[in-house]
Amino acid sequence: YVALAAALAAADAAVIRLLAGEVHPFVIGFFRSVFGLAVILPLIATRPHILKSGYRFQHVSRAALKLAALVCYFVAFAAAPLADAMAIMFMTPIFLMIGAWLWLGEAFTLTKLFAVVTGFLGALVIIQPGAAGVVAPALLFALGGSALQALVQLMLKRMSDKDNTETLVAWNLIVTVPLAAVPAL
């Protein structure tokens, strides 16, 4: 399943790269959410109880952050070399480890510290800040998207204490469609 998810993520990035220049990132985000909601609507119709949640505000916040992360990724896919943008996306677990330590109180071992330092050094190799410290803006969008995605994952970790996966997915799509519609227009 992980290999399939990675292949689908790469295909998604390639499709976005093909659409870039002709379709605005907000429009891509909107239609991606609309298609996702269309797929999950039958589940919501047959199991309306999945919409019960005590996290209304958090669902809106999470959907807005996720949309912002996606738009950052879409901008990066359009303007940076695709391999570089995808590699920078893998900073998400690094940001996630730091966030889990800071906000969730998870242990931060020497092994995790080594992984964080190595990850950041790897990102610097890819980003290649020039002698003047100039970094390609598109790669900064990828880095920002990774940080936002890590924040979304941290929120999901807390929200999954009370809401099941179906509820989290349904609310994400229900909220993201109207949020994405405004800037897409």
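Start by selecting Phe31 and Phe35 in helix H2: they sit 4 residues apart, so about one helical turn separates them. Keep in mind that you're looking at a predicted model. An α-helix has 3.6 residues a turn, so residues three or four places apart point the same way.

Now show the rings. Those of Phe31 and Phe35 have centres 6.4 Å apart and planes at 35°, which makes the pair tilted. How are the rings of Phe30 and Phe31 arranged? Their planes meet at 75° and their centres are 5.0 Å apart, so this pair is edge-to-face. Ring pairs link Phe30, Phe31 and Phe35 into a cluster, and the structure holds 5 aromatic pairs.

Is Phe30 buried or exposed? Its relative accessibility is 18%, under the 20% cut-off, so Phe30 counts as buried. Phe31, at 41%, is partly exposed, while Phe35 reaches 57% and counts as exposed.

Next stop: helix H1, residues 2–19. From first C-alpha to last, its 18 residues reach 26 Å, close to the 26 Å expected. Just after H1, click on Gly21, which takes a positive phi of about 95°.

Finally, go to the largest pocket, with a volume of about 1,100 Å³. To find its centre, select Ala9, Arg32, Lys66, Leu70 and Gln149, the nearest of its 32 lining residues. Which element gives the largest share of that lining? H1 does, with 8 residues. Colour the lining by type and you'll get 20 nonpolar, 8 polar and 4 charged residues.

Note on methods:
Residues are numbered from 1 along each chain as its sequence is written. This is a predicted model: local features need pLDDT of at least 70, side-chain atom pairs count only at pLDDT 80 or more; totals for chains, interfaces and linings use all residues. Side-chain values use heavy atoms; hydrogens and water are left out. Helices (H or I, at least four residues) and strands (E, at least two) are DSSP runs, numbered from the N terminus. The expected span of a helix is 1.5 Å times one less than its number of residues. On a 1 Å grid over the protein atoms alone, a cavity is a set of points where a 1.4 Å probe fits but cannot get out, and a pocket is an open set with protein on both sides within 12 Å along at least five of seven lines; lining residues have an atom within 4 Å of a point. Grid points are joined across faces, edges and corners, and a volume is the space filled by probe spheres set on the points. Ala, Val, Leu, Ile, Met, Phe, Trp, Tyr, Cys and Pro count as nonpolar, Asp, Glu, Lys and Arg as charged, and the others, Gly among them, as polar. Rings of Phe, Tyr and Trp (its six-membered ring) pair if their centres lie within 6.5 Å; planes under 30 degrees apart count as stacked, over 60 as edge-to-face and the rest as tilted. Buried means under 20% relative accessible area, exposed over 50%, partly exposed in between (1.4 Å probe, protein chains only).
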